[in-house]
Amino acid sequence: MTQEEANLEVRLEEQEEFEPPESFVEQANVSDPGIYEEFEENWPECWEGAADLLSWDEPYETVLEDDDAPFYEWFTDGELNASYNCLDRHVEDGSKNRAAIKWEGEGGETRTYTYGDLLNEVEAFAATLRDLGVEEDDVVTLYMPMIPELPIAMLACARIGAPHSVVFAGFSADALATRMNSADSEHLVTCDGYYRRGDGLDHITKANEGLEGVDHEVSDVVVVDRLGDELEHSLSDGQHDYDELIADHEGASVEPVSRDAEDMLFLMYTSGTTGKPKGVKHTTGGYLSYAAWTSHAVLDVKPEDTYWCAADIGWITGHSYIVYGPLALGTTTVMYEGTPDYPDKDRLWEIVEKNRVDIFYTAPTAIRAFMKWGEQYPARHDLSSLRLLGTVGEPINPRAWKWYYKHIGGEECPIVDTWWQTETGGMMITTLPGVNTMKPGTAGPPLPGIGASVVDANGDDVGAGEAGYVTVNKPWPGMLRTLYKNDERFIEEYWEEYSDEDAVNRQLTSPHSTSSREDADEWVYFPEDGAKLDGDDYITILGRVDDVINVSGHRLGTMEIESAVVGVEGIAEAAVVGGHHDVKGEAVYVYAIPEDGYEADADLEERAAEGILESIGPIAKPEEVIFTPELPKTRSGKIMRRLLEDIASGNELGNTSTLRNPGVVDDIAEQVDN
Ligand code: 6R9
C-alpha cells in the first residue's frame, strides 16, 4: 500500500457521513428534498403517484379505505393485471426487443428474454395452466430455483388471476408440504434439479417427497427439465414436462384477467414467533404500485438500465425487486442461478462487467463474504458501469458498508441500506439516493409517506440517541392485507402490541364490524425489530426482538427449529438461539438435553442436525449442537435465551445467580467453541 492509499484508508475509516455524488443527483429519479413534506401534507393521496406508474383497466375510486382498519384497502375499485403491467404494455410501447430478463446459468450458459419473448412464453404457460384446470384464485405453488421458468410461472399465474406461493428451493420436502397444506394448493410447478458449484443437484426427489406429505389431492405437477441428461428422472401420473406443454401451447394468446386492486397477487410464507410459518397475503394494486414506486424512487431504476438484485426469488426481495418492481418499470433485470464463488470468487463481478450492470442490490452477508475473500476479486473487473448500490436483509456494519462503497462502488455510487420485511411488501426505511446524506450502518429516515418511528415499551417516541422498537403508525400501499385465512393471527402478530386496546378487542371479538373512521388512527403496526434513533431522525436497525433469527439475511423461526430438534429420537428438550457469526450475521446454535438412555454423542448430534435439514433445509444448519443435562432456567421455569445467546456469541456473561440452576452455565459455556 502506498502512503496515499494508506491515507485514503484512514480517511474512509473515520468518515461518518457521505453525500451522494453530484453526477448521481443530476440524473436521479427523485432529487427534490421537498418530497418528504409533499407526501406528509398530501397523505394518503400522495400514493396516487405510485399507482400512476401502472396501467389500470378500471381507475380506482378511493386511494385508501380505512373503515375496517387494520384491514386496509388501497386503490379500492380499481382493476388491473400484474402481468399486463410487467409485459404487454412495454411491448405495446415499442420496447418489444428490449431485454426483460438476462439470465446467467451457473456453468456460464446464458439466456436473454426480450419483453416480446417473455410475453410469448408467459402466455403459453398461462394457457397451459388453464388447460390443466387452474382457475382464478387457485393458489399455485412454485417450488423452483433461480431459473427463468420461475418468473415466467409467476407472471403466468398473475395473468390468469391465480395467486402464486413460491417456496424457496432450498427448503425441505416437509417445508413444501406444510406450505401447500396451509394454502390448500392443488397445483405445483417444480423442476428436476439445478446447478450448485458445478454439480447437478437433485430437486425432484425432494419435491416428490413433499407431495407425499400433502393432505389433499394435488391435481397436477409441472416439471421443468433443467438438468437434461445429467439427471434422469421419470414423470409419474399427473406430472407433465414443462417444455412439452409450452410447445403444445406455443403462440397461444391469453387475455390478462382484470383483477380487483385488492385481489391477492401472491402468498409468501415467512417465519414468526410460533412454530407455524405465516402466509403473508399481498394484493395486486397496492403491492405492485409500491414495488414499482420504491424501485423508481429508491433503486432509481430506469427502463434503459441493466439492474441486478442478487437475491433469490424464493424470498420477498426477489419477488419485489427481481420480478415485479423492475419489470413493471420496463427495465432489464439480471438473474443468476448459482453461488457467488463458482467457478471463482469474482463470479458476480464478472457478471457485472459483462452485462454493464448499472444498479446492484445484495445482502450484507454477501458483502462480508466478499470482504473476507479480498479486494483482488472485484479489482479484476471493470465495475465502472455501476451507478447505485443497495443492501437489504440485515443490519450492515459500517466496515462492510465502507468496503462495499470503496471496492465495488469505487466511491462513486450511493448506497441505499433498505429496511423492510416480507410483510411490508417493499422498502420502508432507507435514504433516497439522490436526496439524503448517507451514514454507514444506519438505514436512514422513513421513506416519504411512511409513518415509521422508534418508540419505547409504552409506545411513546424515543428521543435522539435512544433505543426502542420500530413501529409504523400509518398504512402504506405495499402492506400485507392479512395472514392467509387467519385474520385473528394477523391482528395478534402485528397490531396488538401498540394499537389502541379497545380497537384491538373490537376487531378480535366482532371482526369486520366496520369501525368508525376515528378508530383508524389507533392502529400501529409492530414489525418486531429493535432500533435506535439519531438527531437527524435516522433509524439504525438493531435486529429482531422476537424469536426470529437472521442467518445470512434469511429469516428463521427458532421455535420452528426447536420443534424439528425435539422431534428427533433421543432428544428430550431443546433451545435454539442465534449466536454472532462474522459472515452470516447470526448462526444457529442448538442446546439440547438427551433423553434418558441416550448418549450425548456424535451420532445424536448428527441426527439433531439431520432433523433440522429434513424439516427446514440446509439454510438452518446448526453451527453447533451442544448437549447439556439441563438448560439454564429462571426461577419461574423460563429458559434463559439471552444467556444462551451470549454463550453462543462469546459475550461476557452477566450475573447468573438468579437462575434456578446457575451451575449449568459454566458446563455449557465450556463446550462452545469461540
Ligand atoms: C426484506 C427482508 C425481515 C427482517 C426485518 C429485519 C431484517 C431487513 C434490513 C434488516 C437491518 C436492514 N432486515 N432489512 N435489518 N437493516 N436494511 O429481508 O424481509 O426476510 O421478511 O426479513 O430482516 O430484522 O424484520 P424478511
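Student: Which polar side-chain atom lies 2.8 Å from a nitrogen atom of the ligand, and to which residue does that atom belong?

Tutor: It belongs to Asp-417, whose polar side-chain atom lies 2.8 Å from a nitrogen atom of the ligand. A polar contact here is a pair of N or O atoms within 3.5 Å; within protein, one must be able to donate a hydrogen and the other to accept it, and residues adjacent in sequence count only if both atoms are side-chain atoms. Before we go on, keep in mind that this is a predicted model, in which local features need pLDDT of at least 70 and side-chain atom pairs count only at pLDDT 80 or more, while totals for chains, interfaces and linings use all residues. Residues are numbered from 1 along each chain as its sequence is written, and side-chain values use heavy atoms, with hydrogens and water left out.

Student: Which side chains have an N or O atom at 2.9 Å or at 2.8 Å from an oxygen atom of the ligand?

Tutor: The side chain of Gln-421 has an N or O atom 2.9 Å from a ligand oxygen, and the side chain of Asp-529 has one 2.8 Å from an oxygen atom of the ligand. The protein covers 97% of the 530 Å² of accessible area that the ligand has on its own, where accessible areas come from the Shrake-Rupley method with a 1.4 Å probe and, for residues, only the protein chains shown count as cover.

Student: Which elements give two or more residues to the shell around the ligand, and how do the residues of that shell divide?

Tutor: The elements are α12 (316–328), β20 (415–418) and β25 (539–544); helices (H or I, at least four residues) and strands (E, at least two) are DSSP runs, numbered from the N terminus. A residue is near a molecule if one of its heavy atoms lies within 4 Å of it, and of the 17 residues around the ligand, Asp-417, Thr-422, Asp-529, Arg-544 and Arg-555 come nearest. The shell divides into six nonpolar, six polar and five charged residues. In this grouping, Ala, Val, Leu, Ile, Met, Phe, Trp, Tyr, Cys and Pro count as nonpolar, Asp, Glu, Lys and Arg as charged, and the others, Gly among them, as polar.

Student: How many disulfides are there?

Tutor: A disulfide is a covalent bond between the sulfur atoms of two cysteines. The rule applied here asks for a pair of cysteine sulfur atoms within 2.5 Å, and by this rule the count comes to zero. Cys-157 is in no disulfide, as the nearest cysteine sulfur, that of Cys-86, is 13 Å away. For Cys-309, also in no disulfide, the nearest cysteine sulfur is again that of Cys-86, at 15 Å.

Student: Is Cys-157 buried or exposed?

Tutor: Buried means under 20% relative accessible area, exposed over 50%, and partly exposed in between (1.4 Å probe, protein chains only). Cys-157 counts as buried because its relative accessibility is 0%, and Cys-309 is buried with a relative accessible area of 2%.

Student: Where are the cis peptide bonds, and which residues other than glycine have a positive phi?

Tutor: Most residues other than glycine have a negative phi, and most peptide bonds are trans. In this model a cis peptide bond joins Ala-69 and Pro-70, with omega about 5 degrees, and Pro-70 is found in the loop between β1 (62–65) and β2 (73–76). Another cis bond joins Tyr-342 and Pro-343, with omega about -5 degrees, and Pro-343 sits in the loop between β17 (332–336) and α13 (347–355). As for phi, Arg-197 has a positive value near 50 degrees, and its place is in the loop between β9 (193–196) and β10 (199–202). His-512 has a positive phi near 60 degrees and is in the loop between α18 (501–509) and β24 (529–533). Arg-197 is partly exposed, with a relative accessible area of 47%, and His-512 is partly exposed, at 35%.

Student: What does the side chain of Glu-123 reach at 2.7 Å?

Tutor: It reaches the backbone nitrogen of Val-254 at 2.7 Å. Glu-123 lies in helix α6 (residues 115–131) and, at 10% relative accessibility, counts as buried.
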